[in-house]
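Have a look at the structure, then read on.

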Amino acid sequence: MTSLRPSRWRLLAPPLLAALAGAAPPPPPLVEGVAALTLHRPRTARVHLMNAVRTDPANGLARALLGRVALALGDGDGAVAELQQARAAGFPAARSRHLMAEALLLRGDAAGALAEADAAAIPARYAAYAARIRGRARAALGDRPGAVAEFETARTLAPRSAAVWQDITRFRRDSGEVAGAIVAAAQAVALDPRDPEGLRLRGLLVRSQFGLTAALPWFDRAVAVDPGNVPALLDKAATLGDLGRYREMLATTRAAMAFDSGNATAFYLQAVLAARAGKPALARSLLDRAGPRLDALPGAMLLDGILAIRLGVNARAVTRLDALVARQPDNLAARRLLGLAHWRYGAPAEAIAALAPAAAFGDRYAAALTGRAYERLGDRRAAAAWLDRAARPADVT
């Protein structure tokens with residue numbers, strides 16, 4: 001990376017980092033760290049900032065910037081630790097409250113984030129940042145009107161902040177406002193065309209709007225800016241897999257794991273690939289290596305159930321698929337699999353109950369399995385009716 005003279009670092013640093021720096025010219029490792037952050041390369045920034053800390057362990061600014069790096073990498077625990085050390089080294093708490101609030105939010109403490117980002121305790125220069133963190137926290141707590149108000153405050157205070165528009169994009173997308181999310185994502189990219197997170201979000205929306213192939217260039221642009229951007233690499237890998245480009249998918253997951261060897265999503269995607277290749281034991285091993293971090297992910301729950309059925313562990317299949325159907329009662333594919341798991345586990349009545357919505361919807365597989373379940377219960381009349389329905393040709397309109 002090209003070195004930057006201390007006299008130029010303020011010109012390249014975003015307002016947040018410039019405000020953190022104070023008046024004295026910073027040491028060279030700090031300059032390089034800020035420059036890397038400005039260029040959206042947090043892993044490179046971390047190396048330089050760690051060098052700054054090794055040179056001066058009591059440098060509170062370097063610690064605060066390492067906290068900012070951890071936030072960029074989605075590491076809430078690491079950010080909290082660095083910010084606490086920054087404060088212990090004398091870095092003013094008022095100048096890091098907005099950062100600590102985001103760190104707490106990443107750790108799942110939305111209430112703590114709201115308290116830390118209290119508008120009354122935040123200096124004016126960080127008000128927009130704090131407002132968007134409060135918006136994210138209120139959204140996490142289910143307070144949608146409060147979140148809308150906070151994001152509007154952030155937008156009013158910093159209308160040209162790409163980070164503000166990125167948060168608005170996520171909020172609108174998660175709220176089902178797809179059209180509004182598309183507008184916000186386009187605005188974020190227009191304000192900072194080299195921000196990998198903005199490019200990644202744009203890619204996700206393009207994928208749902210225009211299809212898989214159209215999304216790939218957006219992920220590629222994000223990775224071109226920051227080759228170590230693991231979320232963009234994994235979104236690209238998932239998209240390649242949906243396109244059936246499995247070799248490229250595997251290579252991309254491996255590229256992500258070169259930066260984050262224990263990434264749960266990477267293991268999950270490799271498990272999906274192994275399952276598609278007819279290797280359930282390998283897929284099971286890879287999914288187990290992802291650990292409990294993806295237990296609540298619907299796709300991982302579905303894959304877990306499929307693998308359990310293929311490997312004959314029907315009790316596990318019933319448990320995982322039943323939990324998925326409870327969350328997504330209209331997921332007919334999950335219901336078919338749950339019915340099959342109950343059938344193989346020797347519970348025909350439970351299979352019938354699980355399959356009922358799919359069978360009533362006209363699913364011939366669900367109807368056939370329902371008929372066999374009634375056979376096992378000894379109800380030949382009901383079995384015949386369902387098996388006849390399964391054998392009936394689909395309606396042609």
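Before the points, a word on terms: buried means under 20% relative accessible area, exposed means over 50%, and partly exposed is anything in between. Keep in mind that this is a predicted model.

1. Start with Arg316. Its relative accessibility is 36%, so Arg316 counts as partly exposed. The side chain of Arg316 meets that of Asp304 in a salt bridge, at 2.8 Å from N to O. This pair links distant parts of the chain, with Asp304 in helix α19 (residues 298-310) and Arg316 in helix α20 (residues 314-327), 12 residues apart.

2. Now the other end of that pair. Asp304 has 3% relative accessibility, which means it counts as buried. Asp304 also forms a salt bridge with Arg320, where the closest N and O atoms are 2.9 Å apart. Here again distant parts of the chain are linked: Arg320 sits in helix α20 and Asp304 in helix α19, 16 residues apart. Both Arg320 and Asp304 are buried.

3. Next, have a look at Arg170 and Glu197, which form a salt bridge with closest N and O atoms 2.9 Å apart. Arg170 is in helix α11 (residues 162-174) and Glu197 in helix α13 (residues 196-210), so the pair ties together parts 27 residues apart in sequence. Arg170 is partly exposed, at 23% relative accessible area, whereas Glu197 is buried, at 18%.

4. Arg170 and Glu197 also belong to a network of salt bridges, linked with Glu102, Arg132, Arg136, Asp167, Arg200 and Asp235.

5. For the overall tally, the count comes to 25 salt bridges.

Notes:
Residues numbered from 1 in each chain as written. Predicted model: local features only at pLDDT ≥ 70, side-chain atom pairs only at ≥ 80, totals over all residues. Heavy atoms only, no water. Salt bridge = Lys/Arg side-chain N within 4 Å of Asp/Glu carboxyl O. Helix = DSSP H or I, 4+ residues; strand = E, 2+ residues; numbered from the N terminus. Buried < 20%, exposed > 50% of the residue type's maximum accessible area, 1.4 Å probe, protein only.
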